[in-house]
Amino acid sequence: MQNSTQHTNERLDAALYYAELGYPVFPCVPDAKKPLTKHGFHNASLDEDLIRKWWHDNPGANIGVPTAGLLVVDIDGADNSWPDNVDKQLALSDTVSAISVTPRGGRHLIFRQPAGKSWRNTTSKIAPRVDTRAEGGYIVVPPSNVKTTKYRWADTLSLESSAEDLSEPPQWLTTLLDEVEQGKGKAQPHEPQKGGVAIPENDIPEGQRDSSLASLAGNMRRVGMGPAEIYAAITQTNERRCKPSLPDTEVQRIVRSICRYEPDQVSVAVAESHFEQDQAVTPKTTSSKNPGLTPERLLHIPGFVGDVMAFCMETAPYENRIMAFAGALSLQAFLSGRKITDPEHNRTNLYLLGLAHSGSGKEWPRKINSEILNRVGAGDAIGERFASGEGLEDALHLNESMLFQTDELDSLILQINSKDIRYESILNSLLKMYSASNSTFNMRRKAGEEGGRTIDQPNLTIFGTAIPNHYYGSLSERMLTNGFFARTIVLENTLRSAGKDAGDFKRIPQTILSVARWWVDYRPGRGGNMADIHPEPRMIPRTDGANKLLAEVRTFCDAEYSKADKDADAVATTVWSRAGEHIRKLSLCYAASVDHENPEITEEGAQWAVEFTLHQVRRMLFMANKHVAPSPFAQAAKRVREKIEKTPEKKMTHSDLLRRMHMDAREFQRIIDTMLISGEISLSENADGKRRKKIYSVG
């Protein structure tokens, strides 16, 4: 009875939630897609009482949503790599607002139809096993299920906004759908028949090479095979069976495309004896070269940032240069947010994370920032905790520019990893708020609201702190590739300085207060009563030398991105995608710090931003490679090796290792067996009285 009640509440609550967002809903047959209502999706409603009656009468009913005004791209099958073109894939991922994963492993990509369009449903017209739902159609949405398997929203891409706030499809897809609508679209090659292609010697003819190799690669990816393995396998198939063979560049493209998708964990479990040995010892993040901690010469910006940093170190009971720098930079980023911009419309909002051990001075910079802002009348812009995504949005709606100073950011990441919808909404808001700093952020529509609320050019700056091992222990490959890690500038401190008598953090130098007050009072553009609601940021000029340097580094970052993409390295691709943006934001912060009244982006400031960012990117990739593995199994194997390596002789007994791993004995033995087979560790035995001890060693 309890399970039935939870099931009922889950469906009803979800249906009411979609209705609150403005999506009419209707019940479908439990465990199926067929409508329960007399006129199908035409009976869909926003009426709360009717919705409650429907699900009271049919507690297990699935939830249907009409797609009028929407465009839903239905990609059938987990092995379906459409579109094969990488640029088109990136355009899709950059624009899609919500993705539902279907019970069979397919995806529903949800967009808003552009104004003036009235697309109809299509079936395999834009590609094999790719349908669209628009006018006259409907979809079944989470948490509905078919054959006990649920629909679910993809991580960070759940349906949380009204149809008006959804993104439109990318231009290439719009053009394709217009051609299909007008009868000009060309049918894609059909897939090969199941059971093999019925031609002599099992050859793959020219029209079926891409789809056949993609299907084979998809099957291998689903059971956990990595890019190198898949490439080696389908290269042989291409050379032996494709008539004529595809160019090697096309084979590489197919591998990159397929490996953008995560392996199916059930399939991996079935095949783990074949593949998990490789996964356990071959993490797929790049950079193995350690660039070390941030050089001291890069922890300095002249002007306001340098002054705040110097005051912090002078008064702190434990001097912490990293924390002092991060705190001062976050204060500058907050103060100049919504006030200035560069020619590419970058803003100064930053997500900064300082890593340091307990008692090493993490709190002091936060105290100084809070005192400065309180003294200049901006204390209401300070935030401490992220309670929910909606709460964060409400806070920014009341105060469009905020500085969140939060400790134990690793705890938030762990909660996000738990996939609790509340913390997923926090992450989603953080990602969107960061990118909306030069545009408009569309908030969730609340029940009873006639129109959606917006925030014009929100400025959210984060100064987070955490303990290093807690932070890196909280990361997963999912967190490294969802965009938050790439948006964050991570600074590390490993040593605690000698203690001294603390100064008075309330005795802020007048030079610092006067600059902070200037920024708070500054109203660029035409000003007036609407300046705070709809600001017109001042365009900061760049010198010719800065322009040349920034153009050169953009080319470099693009090349690193392409290299990572070619290697199917999702983590490095994500991090390098934001490197150029970080450089421009930091160049802008540097200019604001040097001369607040007449800032200019100089070659000196741009050079500092380039060196600082490239060092941080390489350090982040190195630490990700060191601490994060591509699967829970591989992550556990990393921990085993690290535990053994930390002992003086790099040896550990079976009982000691099991005790320190804090895990189930059967799972532990499975990991040990795999690492022994792969050669990651070795086993010896040592007699101890009547007992023989198993000893594992590395090196």
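## Close-up views of a predicted model

View 1. When neighbours within four places in sequence are set aside, the residues in contact with arginine 542 are Asp342, Pro343, Glu344, Asn547, Leu550 and Ile601.

**View 2. The open sheet of six strands.** Six strands, in the order β6-β7-β3-β5-β4-β11, make up an open sheet with antiparallel pairing. Its edge strands are β6 (122-127) and β11 (152-153), each of which pairs on one side only. Helix α4 (residues 171-181) lies across β3 (70-75), β5 (107-112), β6 and β7, and the helix runs at about 125° to β6.

**View 3. Strand β4 and its two partners.** In strand β4 (residues 98-101), the residues Ala98 and Ser100 point one way while Ile99 and Val101 point the other way, and all are buried. Strand β4 is joined to β5 by four bridges, with the two strands running antiparallel, and the bridge partner of isoleucine 99 in β5 is leucine 109. The hairpin of β4 and β5 has five residues between the strands, and in this hairpin glycine 105 takes a positive phi near 90°. Strand β4 also pairs with β11, again in the antiparallel sense, over two bridges; here valine 101 has arginine 152 in β11 as its bridge partner.

**View 4. The open sheet of three strands.** A further open sheet is formed by three strands in the order β1-β2-β8, with antiparallel pairing. Strands β1 (26-28) and β8 (138-141) stand at the edges and each has a single partner strand, so one side of each is left without a neighbour in the sheet. From one strand to the next, the twist averages 40°. Strand β2 (residues 62-66) runs antiparallel to β8 and is joined to it by four bridges, and isoleucine 63 stands opposite valine 141 in β8. Helix α2 (residues 48-57) lies across β1 and β2, running at about 15° to β1.

**View 5. The largest cavity and its lining.** The structure holds five cavities of 30 Å³ or more, and the largest cavity, shown here, has a volume of about 60 Å³. The residues that line the largest cavity are Ala486, Thr488, Ile489, Val575, His582, Leu586, Phe612, Thr613, Gln616, Val617 and Met620. Strand β21 (488-492), helix α20 (570-594) and helix α21 (603-627) each supply at least two residues of this lining, and α21 gives the most to it, with five residues.

Technical notes
Residues are numbered from 1 along each chain as its sequence is written. This is a predicted model: local features need pLDDT of at least 70, side-chain atom pairs count only at pLDDT 80 or more; totals for chains, interfaces and linings use all residues. Side-chain values use heavy atoms; hydrogens and water are left out. Two strands pair if DSSP finds at least two bridges between them. Contact means heavy atoms within 4.5 Å. Axes are lines fitted to C-alpha atoms, for helices over the stretch in contact, and angles run from 0 to 180 degrees between N-to-C directions. Buried means under 20% relative accessible area, exposed over 50%, partly exposed in between (1.4 Å probe, protein chains only). On a 1 Å grid over the protein atoms alone, a cavity is a set of points where a 1.4 Å probe fits but cannot get out, and a pocket is an open set with protein on both sides within 12 Å along at least five of seven lines; lining residues have an atom within 4 Å of a point. Grid points are joined across faces, edges and corners, and a volume is the space filled by probe spheres set on the points.
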